[in-house]
Amino acid sequence: MSNNKERAGDAVSLVYQCRLPVSTSTVVHLADLLRTRLKAIRSPFRILPPGRIAVLVLAMLRHDQRLLDLAGGNNVAESTLRRWRDEMIGLLAAKAERLDRALRKIARRGGEVVLIDGTLIPTVRRTGKDDRPYYSGKHHRHGLHFLALTDENGRLIWISACRPGRTHDARRDKIVEHLKAAGLGALADLGFLGVDKPDDPDDLVIVTGYKATRARKLTPGQKQANRVLAAARAPVEHGFANLKAWRILTKLRTDPARATALLRALLVLTDLEVNR
């Protein structure tokens, strides 16, 4: 038998190409961020050029590409790829605007309201007593909960810190106070009912619509108001859809302590992609 023929069961390492659906301008932006970082720390050397590193990091975020597979296909150590990914996430997250600045920018543009909503990012199960706080009874899965604000067109402008899946308290971020300071209102679903409780109903900042109970049905006028509110809030779902196009959010395997930086980095990337 010829030695040139492959034997059954021999391990063969294959490399294939995969399309990365991001714009060239986004790759250039990430490469420039890295070059600026390398110049600042006086460490110009990397195994690969900044543009190639940017592509690899985007592949991890967009396709949720496994580090081990990506490392093997590019002749780079897995630990090196992890370090590059975390470095780039930190650089991008630093570009995300704080809540007060984001709201002031909306107000300066003549905006009157923002859209607010919360969502759950699925995660792997935790071990031991850390498991329970991350289980969401509403969604029947483990995950991290966060809030997001968009403008009237659904453009993401701010993301809150991530919290365990059982946490749904919007008061921690003092959104009502920030909205009042900026002179803006917000449209939200019934999950935010009771977050804003002014003494004077006319001072309500977060509008949530009407909720029916067993003892009290909604009037035709209240149902119509809920439909109008739902139509006005529809763009916020587009904002979440654009964010979740980054498949790394399909099921987070990263440390929850790093999830906030990841989401804010993806916010910056989403803005680059959607508003280029």
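**A close look at two packed helices**

Tutor: Happy to! Let's start with helix H2, residues 50–63, and helix H4, residues 78–93: they pack at an angle of about 85°, and their axes are 10 Å apart. The range for roughly perpendicular is 65 to 115 degrees, so H2 is roughly perpendicular to H4.

Now look at the residues that meet there. From H2 come Ile-53, Ala-54, Leu-56, Val-57, Met-60 and Leu-61, and from H4 come Leu-81, Trp-84, Arg-85, Met-88 and Ile-89. Sorted by class, this contact has 10 nonpolar residues, one charged residue and no polar ones. Arg counts as charged, and Arg-85 is among the H4 residues in the contact.

How far can you trust this picture? Remember that the model is predicted. H4 is where confidence is highest, with a mean pLDDT of 95, while strand E2, residues 135–136, has the lowest mean, 78. Across the protein, pLDDT averages 87, and 92% of the residues score at least 70. Where pLDDT is low, the predicted coordinates should not be read in detail.

A polar atom of the His-63 side chain lies 2.9 Å from the backbone oxygen of Arg-19. If you set aside neighbours within four places in sequence, His-63 is in contact with Cys-18, Arg-19, Leu-20, Pro-21, Leu-58 and Arg-247.

At 19% relative accessibility, Asp-64 counts as buried.

Lys-174 is not a glycine, yet its phi is positive, near 50°. You will find Lys-174 in the loop between strand E5 (163–164) and helix H6 (175–182). Is Lys-174 buried or exposed? Its relative accessibility is 52%, so Lys-174 counts as exposed, whereas Asp-64 is buried.

Let's also visit a charged residue elsewhere. Arg-233 lies in helix H7, residues 220–243, and it is buried because its relative accessible area is 11%. The side chain of Arg-233 makes a polar contact with the side chain of Asp-117, at 3.2 Å. Leaving aside neighbours within four places in sequence, Arg-233 touches Leu-115, Ile-116, Asp-117, Leu-187, Ala-188 and Asp-189.

Finally, step back to see where these pieces sit. The protein has eight helices and seven strands, and its C-alpha atoms fill a box of roughly 85 × 45 × 35 Å along the principal axes. Of the contacts between residues at least 6 apart in sequence, 62% join residues at least 24 apart.

Key:
Residues numbered from 1 in each chain as written. Predicted model: local features only at pLDDT ≥ 70, side-chain atom pairs only at ≥ 80, totals over all residues. Heavy atoms only, no water. Axes fitted to C-alpha atoms, helices over the stretch in contact; angles between N-to-C directions. Helix = DSSP H or I, 4+ residues; strand = E, 2+ residues; numbered from the N terminus. Parallel < 35°, antiparallel > 145°, perpendicular 65-115°, else oblique. Contact = heavy atoms within 4.5 Å. pLDDT = per-residue confidence, 0-100. Polar contact = N/O pair within 3.5 Å; in protein donor to acceptor, adjacent residues only side chain to side chain. Buried < 20%, exposed > 50% of the residue type's maximum accessible area, 1.4 Å probe, protein only.
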